[in-house]
Amino acid sequence: MYSYSAFDRQFVRARAAQFRDQLQRHLSGQLSEDEFRPLRLQNGWYVQRHAPMLRVAVPYGELSSRQLRQLAWIARRFDRGYGHFTTRQNLQFNWIPLHQAADALDALAEVDMHGIQTSGNCVRNITTDALAGIADDEVVDPRPYCEILRQWSALHPEFAFLPRKFKIALTGAAEDRAAIGWHDIGLQLVKNHAGEVGFRVFVGGGMGRTPIVGTLVSSFVPWAQILVFIEAILRVYNRYGRRDNLYKARIKILVKAEGERFVAAVQREFHAILERDAAGAEHLIPPSELERVARHFEPPAVVLAHATQADDGSMAEAGAPQAFRRWLERNVHPHRVRGHRAVTLSLKRAGQAPGDATADQMDAAAELADRFSQRELRVTHDQNLLLPWVRTSDLRALWEAAREAGFATPTIGLLTDLIACPGGDFCGLANARSIPIAAAIRERFDDFDRLYDIGDIDLHISGCINSCGHHHSGHIGILGVDKDGAEWYQVTIGGSDGSTLSGAATPGKVIGPSFAADEVPDAVEALIDTYELHRIAGERFIDTVRRVGVAAFRAAADARRRATAQTEAAA
Amino acid sequence: MSTRTPEMLFVDAAQDPWRPLGDDAVPSAHALLTLAQWSTRRDSWPTSVPVGVILGNAVDVETLADELPRWSMVALQFPKWTDGRAYSQARLLRARLRYTGQIRATGEVLVDMQPLLQRSGFDAALMRADQSVDVARRALRFFAGHYQGDLLQPLPRFARAEACTP
């Protein structure tokens, strides 16, 4: 993984010092809350329901065991002993008092971490495939480009106050595990006929009130030109994106409204930068820079040395426990280096919110990374952790250790490996709670045999229309809404993140009026029952929904409504 | 007195020579015109009398390429400090249109904007009256360098020699 240079290190420390100055001015009354807010947001500090929330950037999801231990230390020292991993591969703390905010950033800077641009109307933390650099279906490793983009976007002076937030995701594999269609810019690394590397560039995807999938703006931007191309996109957006209406300010609205004119404006701007601007071509990436950054992402030498060993294809010897075999099936993933696997550490278990980890669990995960994965972890889009460099010969020992630490729930990709935002328990924006809904669904579907029978399915829960829980892209999506001060939940089906399993990215369709909180597990069960009733051999939930249509599912869910909700559905 | 640190001029409103031009006023040095005023008076404005123009932040500065050589100052506006359009205008004025006169930030201009302003091509700021020049100067001193090129340092870090050092 990337290791900081002296420059990177002093840059992050300078940022922490700058924030301390701003915080002190705020606490002493020189800087009003209104004027402090955008500054703290661009350092990751929200103020939510109970206390400030700090969102720590985990650049493209890569984390060292040393960094994870420091996050555990921060959780104990400043928070209430836990943190929450997000769909954007970040980590959130929920209870750090504002007057300790600068101290927390200093503690992060000690391990080359920060909260820079994890919020605010700027380019956010860049996300990618959690299997980047190790996936067996990878065309090009996206991480060197992620890092170059991270550096380029960090404190870019022109693009710190865009009309709205701006999210970039990259993938370099055949399978899209980064949901690039749902991002303001989605980048897919490809090779052209000549074998040259470039990007397919999608612009204007986004969730929220108006879910829109990104538009293909260029089918091949040579890799060396990508910073200039993104500069062109951002400049067009900064100048022409709407600022009169918060709900119409994302670039997706501009792209939708302008269509081909937007694409033409980006192309014009791109050529103007290169052909007319003083130093405009200086942001073409030289091969030497790509090589310099790429060297950070070479597989550890010990992994390559071990790669000559024969791959143990079976892994589970005869008589291995069923739980181990299930874990191998769900939590262990193919690897491009022979004799290795990637292993998901599940953060979906009883008694804890999806994506949550206590300080002790963070330490335990760091320990597993030290023992089994070259001191490296990844944060996944599905709110789990992943060990990227596990030897097949270590799998049994890892399973036992992961089970001991509570990370071995063998349900990756199944119904209860669901995505959920923190919701109304924490978030000041939420209309309804997400965590109790997630817990109720997990309790309803606590039988592994049933979960395995249901098979691959994405269930996503958001506590409000801001869609942090990506409900639009869930095969089943659940959205918290507020009706007369009570919590209700709108259910959608048929959404897709854009993966092969789920099909082309698309938002799900709403099935009738909202459900009361205690009806949600029944409604979900009705959808699952309907799938089981209609499915043909080998068909997954999402395929059955597409083949059979929404109506049958809606009717089944409506039949489980009670009291007022049923009256409303009939109306 | 207005002060510079090292390229940024913090304008003292009381000492500022630039004044809006009354509709019927004769051309005078350091008159600040709206774009509409300039368009009606450009042909009669004496080339020897320094003139400045204040631009709304939705103005496409690329349409003004022919006018720029005649302007000693361009005032760009921040109606709200979080409205970032003027950063792009400044950048285009400098890097694309090679404008060399003063580019001044006006409107809701706050101390914490200074590093962004300076790096985007502004060289003067008329800050909101309650803002401290000392704090603004301090705000310009936190960072020893940046990754991307800007109007102070046109080369991105990877194109500079020191990038090779660890």
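Visitor: Which residues does A:Gly508 touch, not counting residues up to four places away in sequence?
Guide: This is a predicted model, and A:Gly508 sits in the loop between strand E19 (486-493) and strand E20 (509-510) of chain A. Leaving out residues up to four places away in sequence, the partners of A:Gly508 are A:His472, A:Gly474, A:Gly477, A:Thr492, A:Ile493, A:Gly494 and A:Gly495.

Visitor: Is A:Gly508 buried or exposed?
Guide: A residue counts as buried once 20 or more other C-beta atoms lie within 10 Å of its own. A:Gly508 has 27 C-beta neighbours inside 10 Å, so the class is buried.

Visitor: How far apart in space are A:Gly508 and A:Leu41, C-alpha to C-alpha?
Guide: Along the sequence, 467 residues separate A:Gly508 from A:Leu41. In space, C-alpha to C-alpha, the separation is 31 Å.

Visitor: Is the crossing of H6(A) and H8(A) left-handed or right-handed?
Guide: The residues that H6(A) brings to the contact include A:Val228, A:Phe229 and A:Ala232, and H8(A) brings A:Phe262, A:Ala265 and A:Val266 among them. By class, the contact has 11 nonpolar, no polar and three charged residues. As for its hand, the crossing of H6(A) and H8(A) is right-handed.

Visitor: Which residues does A:Ala232 touch, not counting residues up to four places away in sequence?
Guide: A:Ala232 belongs to helix H6 of chain A. With 22 other C-beta atoms within 10 Å, A:Ala232 is buried. Setting aside residues up to four places away in sequence, A:Ala232 touches A:Val266, A:Glu269, A:Phe270 and A:Ile273.

Visitor: What separates the C-alpha atoms of A:Ala232 and A:Ala272?
Guide: A:Ala232 and A:Ala272 are 40 residues apart along the chain. Their C-alpha atoms are separated by 9.0 Å.

Visitor: How is H1(A) oriented to H4(A), roughly parallel or roughly antiparallel?
Guide: The axes of H1(A) and helix H4 (residues 101-109) of chain A are 9 Å apart, and the angle is about 175°. Since angles over 145 degrees count as roughly antiparallel, H1(A) and H4(A) are roughly antiparallel.

Visitor: How many charged residues are in the contact of H1(A) with H4(A)?
Guide: From H1(A) come A:Val12, A:Arg13, A:Ala16, A:Phe19, A:Arg20 and A:Leu23, facing A:Ala101, A:Ala102, A:Leu105, A:Asp106 and A:Ala109 of H4(A). Eight of the residues in this contact are nonpolar and no polar ones take part. The charged residues number three.

Visitor: How do H3(A) and H12(A) run, roughly parallel or roughly antiparallel?
Guide: The axes of helix H3 (residues 65-77) of chain A and H12(A) come within 8 Å and cross at roughly 170°. With that angle, H3(A) is roughly antiparallel to H12(A).

Visitor: How many residues of the contact of H3(A) with H12(A) are nonpolar?
Guide: Among the H3(A) residues in the contact are A:Leu68, A:Leu71 and A:Ala72, while H12(A) supplies residues including A:Met362, A:Ala365 and A:Ala366. The contact also has one polar residue and four charged ones. The nonpolar count is nine.

Visitor: What is phi of A:Gln374 near?
Guide: A:Gln374 lies in the loop between helix H12 (359-372) and strand E14 (376-379) of chain A. A:Gln374 is partly exposed, with 19 other C-beta atoms within 10 Å. Its phi is positive in a residue other than glycine, near 55°.

Visitor: Is B:Arg98 buried or partly exposed?
Guide: B:Arg98 is in the loop between helix H2 (85-96) and strand E7 (102-107) of chain B, and its phi is a positive value near 55°. The C-beta neighbours of B:Arg98 inside 10 Å number 13, so the class is partly exposed.

Visitor: Which element gives the largest share of the side of chain A that touches chain B?
Guide: In all, 36 residues of chain A are in contact with 32 residues of chain B. Helices giving two or more residues to the chain A side include H2 (33-41) and H5 (143-153). The largest share, eight residues, comes from H1(A).

Note on methods:
Residues are numbered from 1 along each chain as its sequence is written. Chains are lettered from A and ligands numbered from 1 in the order in which they are written. This is a predicted model: local features need pLDDT of at least 70, side-chain atom pairs count only at pLDDT 80 or more; totals for chains, interfaces and linings use all residues. Two residues are in contact if their C-beta atoms, placed from the backbone, lie within 7 Å. Helices (H or I, at least four residues) and strands (E, at least two) are DSSP runs, numbered from the N terminus. A crossing is left-handed if the near helix is turned anticlockwise from the far one by less than a right angle, and right-handed if clockwise. Ala, Val, Leu, Ile, Met, Phe, Trp, Tyr, Cys and Pro count as nonpolar, Asp, Glu, Lys and Arg as charged, and the others, Gly among them, as polar. A residue is buried if 20 or more other C-beta atoms lie within 10 Å of its own, exposed if 12 or fewer, and partly exposed in between; C-beta atoms are placed from the backbone. Axes are lines fitted to C-alpha atoms, for helices over the stretch in contact, and angles run from 0 to 180 degrees between N-to-C directions. Angles under 35 degrees count as roughly parallel, over 145 as roughly antiparallel, 65 to 115 as roughly perpendicular and the rest as oblique.
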